[in-house]
Each structure stands twice: as C-alpha cells, then as structure tokens.
Amino acid sequence: MKDKQILVVDDEPKMRRVLEIMLQKMGHRVLAAGNGREALTIYQGSTVDLVITDLRMPEMDGIELLAALRAQESDVPVVVITAHGTIETAVAAMKHGACDYILRPFDVDVLELAVQRALNGAEMVRQNTFLKQELNRGWDAFIGTSEPMRAVYDLIRRVGPSKASVLITGETGTGKELAARAIHNASPRRDRLFVPINCAAIPADILESELFGYEKGAFTGAVKERVGKFELADGGTIFLDELTEMPLGLQAKLLRVLQENTIERLGGNRVINLDIRIIAATNRDPLEAVRDGKLREDLYYRVNVISVDLPPLRKRPEDIAGLVEHFVIKHGYSPLGAKLPPAVLDRLMAYAWPGNVRELENMVERALILSGGGVLDEAHFLLGPKVVPAASAPDGSKSLSPLTQAVEGLEARLIDEALAQAGGNKARAAALLDISERTLWYKLKKYHPDQNSE
Ligand SMILES: Nc1ncnc2c1ncn2[C@@H]1O[C@H](COP(=O)(O)OP(=O)(O)OP(=O)(O)O)[C@@H](O)[C@H]1O
Ligand SMILES: [Mg+2]
C-alpha cells in the first residue's frame with residue numbers, strides 16, 4: 001500500500017524529520033505536527049490515512065490525542081512510538097485504541113512493517129464491514145441446463161478471466177446479478193470485492209458521492225471523509241445495476257473513469273489510481289435506451305465490450321422442474337423428488353413468468369407455506385396476485401476474522417514483551433499489562449498452549 005497520507009506527531013523536530021524521510025522513501029506523503037493539539041487541527045483539515053505519534057509531548061500528549069480522535073468517532077489507525085522500558089504506556093495507548101506500537105530506537109524495517117500492518121488493518125475493517133453485509137445477502141449458483149442457459153455459462157466461463165467490461169441484459173428476475181457475480185468469481189479478481197450498486201435505487205444526488213466518495217468538508221454534512229464504491233472495488237469488480245437509470249452527467253463522469261482508470265473524491269484534488277473491472281446491467285433494450293436519451297452512446301459502446309443476454313424463463317420451461325427443487329431446498333424443506341404432481345409441473349411450464357426466476361422463487365416459497373410442508377398441489381400455485389412472505393435474515397456464521405487474528409497477534413506480542421521486561425515474573429508482567437494474574441494465565445494458555453504455565 002503506497003501513496004497514503006500519514007500524520008507524524010512528535011515534539012522533537014529531528015525525530016519528525018527522520019520519520020518524514022523514512023515514510024517518504026516508502027512512497028507516502030507526510031504531514032507533521034509538534035504536539036497533539038496541532039495534530040488535531042491538521043487532522044480536521046485534511047485526509048489522513050494513518051497517524052504515527054510520540055507519547056510524551058507538551059500541550060497534548062499521545063494518549064490525549066488518541067482519546068480526542070476516538071471521541072470524534074474517527075477510526076483512523078494510530079501507531080504510537082514509545083521508549084524501551086515503558087510498556088505500561090504502550091498498554092495504555094492500546095486501551096485508548098492505538099492499533100500498534102513501535103519501540104524506540106527503531107530501524108526502517110520495523111517502521112515499514114508497522115505502517116503496512118496498520119494500513120492493511122484499516123483496509124480490512126473497511127472490507128469486513130462490507131463483506132458482512134454481502135454475506136447476509138447470500139447468493140446461490142445457477143440452476144438450469146437448458147440450451148440457452150448453457151450458452152450463458154459458456155460465455156461466462158470465457159469472459160470471466162479477462163478484464164473486459166460486460167453489459168448484461170435480460171428481463172427482470174432472469175438472474176443478471178447472479179451472472180455478474182459468476183463472472184467475477186470466474187475471474188482472477190475473485191478474492192477481491194464484488195461491489196454492487198443499484199443506480200435506480202439510489203437518489204441521483206447521492207449516487208455520485210456513493211460512487212466517488214468524498215473528502216472531509218466536501219459539502220455541508222461531510223464531517224468525515226468517505227471512501228466511495230469505486231475505491232472499494234479497487235482490484236475487484238464493480239457492478240453497476242440498472243445503468244440506464246444513472247443521470248447523464250454522471251454517465252459522462254463514469255466514462256472518464258473507464259478511460260483514465262483514476263478517480264478524485266468529491267471535494268478533493270488528489271488523483272487516485274484504480275484497477276477496476278466494470279460489469280453493468282439493464283432490463284431495458286440498451287439500444288432503445290440510447291435512442292431515448294437514457295444511455296450515452298459512447299458509454300454504451302465502452303461498457304458493451306462483451307454482452308451477455310439472459311433468456312426469459314418462458315423460453316426455457318425445461319429449467320423449471322430443477323429450479324422448483326432448488327428453491328424447495330433453499331427454503332429449508334426436504335427435496336420433493338417425484339412428489340411434484342405432473343399436472344402442477346405442466347401448469348408451471350405453461351405460465352408466462354413475467355417476473356421470471358424471481359417470480360418462480362416467490363411462488364414456490366408461498367406454495368410451501370400454504371401446503372404446510374405436505375404435497376404441493378395446483379391450488380398452492382395460484383398463478384394470480386403474488387404474496388411474498390417476509391424473508392427471515394440468515395444469521396452470519398462465526399469464524400475468526402482477519403481483524404481478530406491481527407488483534408490477537410498484537411496481544412501475544414505485548415504479553416511476551418511484558419514478560420521479558422518482568423524477567424519472567426508473571427505477577428509483575430500482569431501488573432505491567434494492567435490485567436489480573438488470572439487473565440494473564442488464561443491468555444498464556446491460549447497463546448502458548450505448549451508451555452506448561454501453572
Ligand atoms: N438460473 C438461476 N438459478 C437459480 N437461481 C436463480 C437463477 N436465476 C435467478 N435466480 C434467483 O432469482 C432471483 C433474481 O435474480 P437476479 O437478482 O440475479 O435477477 P435480475 O436479473 O438482476 O433481476 P432485476 O432486473 O429485477 O434486478 C435471485 O434470488 C437469484 O438468486
Ligand atoms: Mg438485478
């Protein structure tokens with residue numbers, strides 16, 4: 001991670017200079033302050049990606065600075081610099097929300113490691129929040145082996161690995177978003193984010209700041225900078241759903257992003273380089289949208305490098321049986337097998353499905369509820385007005401997140417250093433860490449299960 005803005009806080013000019021030179025060599029930009037108060041003023045007026053601060057300073061010390069930052073709900077990562085033999089102050093700093101500490105004197109490698117770790121951690125927090133939302137949405141794989149769908153899978157497999165922009169068309173509910181995710185997952189970007197944004201669901205005036213993000217003070221109410229979806233999708237894929245609903249002015253800006261691979265946050269003047277793949281979707285005929293003045297022609301050609309058209313469900317009735325079974329299982333019922341009466345299937349296959357697969361899913365869910373888990377008969381599939389039961393939110397599964405791992409690594413390090421400083425005396429180490437001996441014992445068992453700590 002390069003080209004970040006780092007705020008260095010130290011009362012010693014020489015130390016500030018040393019840090020500045022080291023950080024600039026790593027490719028970052030540096031702002032400097034002589035104490036906490038100065039640092040706060042600078043922080044409020046500019047975009048800061050990381051703070052590195054000394055602890056003992058006149059006017060406002062490092063801990064007070066941390067407290068002030070956290071009181072403003074800033075989540076900027078803070079690394080503190082502390083002298084050898086003052087592990088207590090490092091512990092206090094961590095308690096106030098510092099993410100790491102460096103023992104003085106340090107060499108450039110130690111600094112670089114701490115900077116990378118802090119920046120990565122901040123990135124992870126950002127991605128984690130996003131991923132959790134994504135997980136809650138859940139998504140499934142494609143079902144259906146009809147000829148038109150096999151052609152779609154084939155196309156997805158072939159276009160996935162490239163960086164080419166893709167325009168996905170198809171009626172509502174045909175699986176356009178599913179296709180976009182499948183393309184992302186078939187690409188070398190699969191480990192980075194897939195960031196969907198629905199241009200129709202977000203008010204026009206907010207859409208721009210959602211996409212580009214903004215700097216602090218860009219407009220009234222912008223009290224904190226905000227990372228936009230483009231930046232979030234860096235290295236990954238952005239999915240612009242319902243592209244024809246994007247205001248024309250914004251379409252022009254999007255075209256520029258596509259051509260230059262850079263953005264500027266609103267109210268900012270710093271050019272940010274990005275590597276993003278764009279997938280767009282619309283349920284309108286895109287050429288008609290161009291004719292109607294809803295879609296810029298130049299943008300259409302730029303996005304439509306490859307087009308994937310999803311066939312409506314009525315053109316592939318042979319997929320219906322498999323889809324019904326899939327949704328039965330998805331909604332927690334046991335597989336139907338042969339329990340779906342042929343008459344019912346015939347009827348489903350004859351229906352026009354204006355809402356396509358989404359409509360079928362809703363219909364199946366409703367039938368399952370009406371039948372009370374028994375045999376599904378025709379009456380349960382009233383192909384009349386739709387009743388959509390509220391979906392229950394799937395609960396997120398728990399696993400050790402990368403953030404937790406990082407935090408635990410840091411804790412283990414602090415404990416080892418306290419023990420070393422206390423000459424192996426656990427009571428003294430616990431006192432240094434400001435935790436009870438019992439807690440220390442418990443943590444030692446956790447981090448050093450092999451060592452027999454009584
Ligand atoms: N072939 C398929 N197999 C399994 N599930 C599917 C399939 N096609 C669509 N679905 C499911 O149907 C629902 C609608 O799909 P999706 O959201 O991708 O449609 P869409 O084309 O984006 O619709 P809209 O234009 O209304 O946004 C989703 O829950 C999706 O998982
Ligand atoms: Mg969609």
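This is a predicted model: local features need pLDDT of at least 70, side-chain atom pairs count only at pLDDT 80 or more; totals for chains, interfaces and linings use all residues.
For a closer look, pick strand S10 (residues 237–241) and strand S13 (residues 277–282). These two pair in the parallel sense, over 4 bridges. As background, the strands of a sheet pair through backbone hydrogen bonds, in either a parallel or an antiparallel way.

## Another sheet

There's also an open sheet of 5 strands in the order S2-S1-S3-S4-S5, again with parallel pairing. Strand S2 (29–33) and strand S5 (100–104) stand at its edges; each has a single partner strand, so one side of each has no neighbour in the sheet. From one strand to the next, the twist averages 20°.

Strand S1 (residues 5–9) sits beside S2 in the order, and the two pair in the parallel sense over 5 bridges. If you want a landmark, go to Leu7: its bridge partner in S2 is Leu31.

## Around ligand 1

Now for the ligand. There are 19 residues around ligand 1, and those that come nearest are Ile143, Thr172, Gly173, Lys176 and Arg358. Sorted by class, the shell has 7 nonpolar, 6 polar and 6 charged residues.

Several backbone atoms come up to the ligand's polar atoms. A backbone N or O atom of Ile143 lies 2.9 Å from a nitrogen atom of ligand 1. A polar backbone atom of Thr174 is 3.3 Å from an oxygen atom of the ligand, while for Glu177 a polar backbone atom is 3.1 Å from a ligand oxygen. On its own, ligand 1 has 630 Å² of accessible area, and the protein covers 89% of that.

## Where the ligand sits

Which helices give two or more residues to the shell around ligand 1? They are helix H7 (176–185), helix H13 (320–330) and helix H15 (356–371).

Why does ligand 1 lie between two domains? Domain 2 (139–311) and domain 3 (314–381) both give residues to its shell, so ligand 1 lies between them.

Technical notes
Residues are numbered from 1 along each chain as its sequence is written. Chains are lettered from A and ligands numbered from 1 in the order in which they are written. Side-chain values use heavy atoms; hydrogens and water are left out. A residue is near a molecule or strand if one of its heavy atoms lies within 4 Å of it. A polar contact is a pair of N or O atoms within 3.5 Å; within protein, one must be able to donate a hydrogen and the other to accept it, and residues adjacent in sequence count only if both atoms are side-chain atoms. Accessible areas come from the Shrake-Rupley method with a 1.4 Å probe; for residues, only the protein chains shown count as cover. Ala, Val, Leu, Ile, Met, Phe, Trp, Tyr, Cys and Pro count as nonpolar, Asp, Glu, Lys and Arg as charged, and the others, Gly among them, as polar. Domain bounds come from an automatic or database domain assignment. Two strands pair if DSSP finds at least two bridges between them. Axes are lines fitted to C-alpha atoms, for helices over the stretch in contact, and angles run from 0 to 180 degrees between N-to-C directions.
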